[in-house]
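Work through these exercises with the structure open beside you. Try each task before you read its solution.

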Amino acid sequence: KIELKHGSHRIGKRTDEVMQKWRGYGLGQFIHWGLYAIPGGEWNGKQYNGAAEWIRSWNGIPKSTYDSLIYKFNPVNFNADEWATTAKQMGAKYVTITTKHHDGFCLWPSKYTSYTVANSPWKKDIMKPLVDAYDKAGIDVILYFSVMDWNHPGWRYDIKTKEDSVAFEGFKQFTRNQLIELLTMYPTAKGLWFDGTWDKSWVKQAEFADQLETEMRKLRPGLIIGSRFRADEKGKRHFDANNVLMGDYEQGWERKLPNKIEDVHGNDWDCVMTVPENQWGYNKAWKGHIKTANELIEMTAKSVSLGGNFVLNFGPQGDGAIRKEEKQLATQIGNWMKINKEAIYNCQYAGLEKQDWGYFTKKTGGNKLYMVVFNAPVSGAYRVKLPAKMGITKAYALATPTQSLSTEEIHTNEYFIHLKKQGGDQPFVIVLETKNSSDNSGNVYDKAKT
Ligand SMILES: C[C@@H]1N[C@@H](C(=O)NCc2ccccc2)[C@H](O)[C@@H]1O
């Protein structure tokens, strides 16, 4: 074991109520919105091939020209209640909203920089109406904050000279000031989702970042902070030099999903996902593979089946409206969630062997198992292997709870659930009510002698 002052300060999952609620969210919404939504991945009629929110880094645009987009920020169609309603209709239980992305533009009237909404034609705070609208909709708010800030003169990618060091000290104070400011102005926020923390300059600030995290947690007890915020004094990120998770949940699943339970090392985690291949901010060109509702529903079920949350990104337009394709996806996912939410909310890894037909989830603190079916077997027989001494008392399709399904024991603790071919192209859920059977009725299945 390596002696660490600034490694992880907790082994194992948080057990407090706030984190237990976070663990049960299942589905969340990510919002990426800022000045980058105005060009929307295009400049002077030319399309930028990278992620739209990174357009400032494109050689084709002078940095000062991008920075003057602040004078064009006037989202006349911005309506916080409409965004919250879209999330509600989708069935999201929490939202992560960009307060400041890498370009440094603040969606709140920060007093520590002039590069904020207050100095745009819009003038007004964007974060307050958003936080209030989502709170009113019963959707918990997490604030996204990029440490990397291309607009601040003190930002450095690495600390090489005395000048770098002096400049970065100022930047560190600025960062601390803004974070305390955000937690003070939006006290109902349940957590912070940090980004832009991979460069050496920040990785070298183990002590400062550790002290800042401690200060934020003291200011806002229960605050949820992921593994991407800070590195330990060995420069280790997400997991410290003893391989212990930093922060409250693993924040490494960006545009990718774990495949098996071993991949998540018994930790809480969330997966943040774009609808196109890699566009977080609004991109006019809705190109490449656009994930379908069924693909996104499967990613949600897969995430919950492996003990995580799935957070789907929306990139509102520069005028503040959410694009029709994203609204349509929210509606389609929401229609599925209306029927099947019981298999997603407050569910966890079931501890069962994965079968070909889809994913198991298990109600936290209950005796219900859910089979979220994406690949119905041609036989109509769904294989289920349960732990010893666990029996099935009832099986039914979630959509038709009064029609019990026949359950055939085919081997020790192994069953077929029989359900004839369902129509339609929608994934569906089978519920298994289970009980622990103490009786060890004679085992009729002998192992072959080989
Ligand atoms: C959540 C996403 N994280 C930002 C991102 O690009 N991270 C990955 C990345 C890190 C370093 C160089 C390029 C890209 C994206 O802009 C989103 O905000």
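**Before you start.** This is a predicted model, in which local features need pLDDT of at least 70 and side-chain atom pairs count only at pLDDT 80 or more, while totals for chains, interfaces and linings use all residues. Residues are numbered from 1 along each chain as its sequence is written, and side-chain values use heavy atoms, with hydrogens and water left out.

**Exercise 1. State the predictor's confidence in the model.**

Step 1. Recall the scale: pLDDT is the predictor's confidence in each residue, from 0 to 100.
Step 2. Read the average: the protein has a mean pLDDT of 96. A score of at least 70 is reached by 99% of the residues.
Step 3. Turn to the complex. Its ipTM is 0.94 and its pTM is 0.97.

**Exercise 2. Find the buried face of helix α4 and what covers it.**

Step 1. Locate the helix. α4 spans residues 127-136. Helices are DSSP runs (H or I, at least four residues), as are strands (E, at least two), numbered from the N terminus.
Step 2. Pick out the buried residues (under 20% relative accessible area; exposed is over 50%, partly exposed in between; 1.4 Å probe, protein chains only). They are Met 127, Leu 130, Val 131, Ala 133 and Tyr 134.
Step 3. Look down the axis of α4. The buried residues fall within an arc of 165°, so they line one face of the helix. The arc is that of the directions from the helix axis to the C-beta atoms.
Step 4. Name the cover. It includes β1 (27-31), α3 (80-90), β4 (94-100) and β5 (140-146).
Step 5. Check what follows α4: Gly 138, with a positive phi near 75°.

**Exercise 3. Describe how α3 packs against α4.**

Step 1. Take the axes (lines fitted to C-alpha atoms, for helices over the stretch in contact; angles run from 0 to 180 degrees between N-to-C directions). Those of α3 and α4 come within 8 Å and cross at roughly 40°.
Step 2. Classify the angle. Under 35 degrees is roughly parallel, over 145 roughly antiparallel, 65 to 115 roughly perpendicular, and the rest oblique. α3 and α4 are therefore oblique to each other.
Step 3. List the contact (heavy atoms within 4.5 Å). α3 supplies Ala 80, Asp 81, Trp 83, Ala 84 and Ala 87. α4 supplies Pro 129, Leu 130, Ala 133, Tyr 134 and Lys 136.

**Exercise 4. Are Lys 123 and His 238 buried or exposed?**

Step 1. Lys 123 sits in the loop between β4 and α4. With 56% relative accessibility, it counts as exposed.
Step 2. His 238 lies in the loop between β7 (224-225) and β8 (250-254). At 16% relative accessible area, His 238 is buried.
Step 3. Check the backbone. Most residues other than glycine have a negative phi. Lys 123 has a positive phi near 65°, and His 238 has a positive phi of about 70°.
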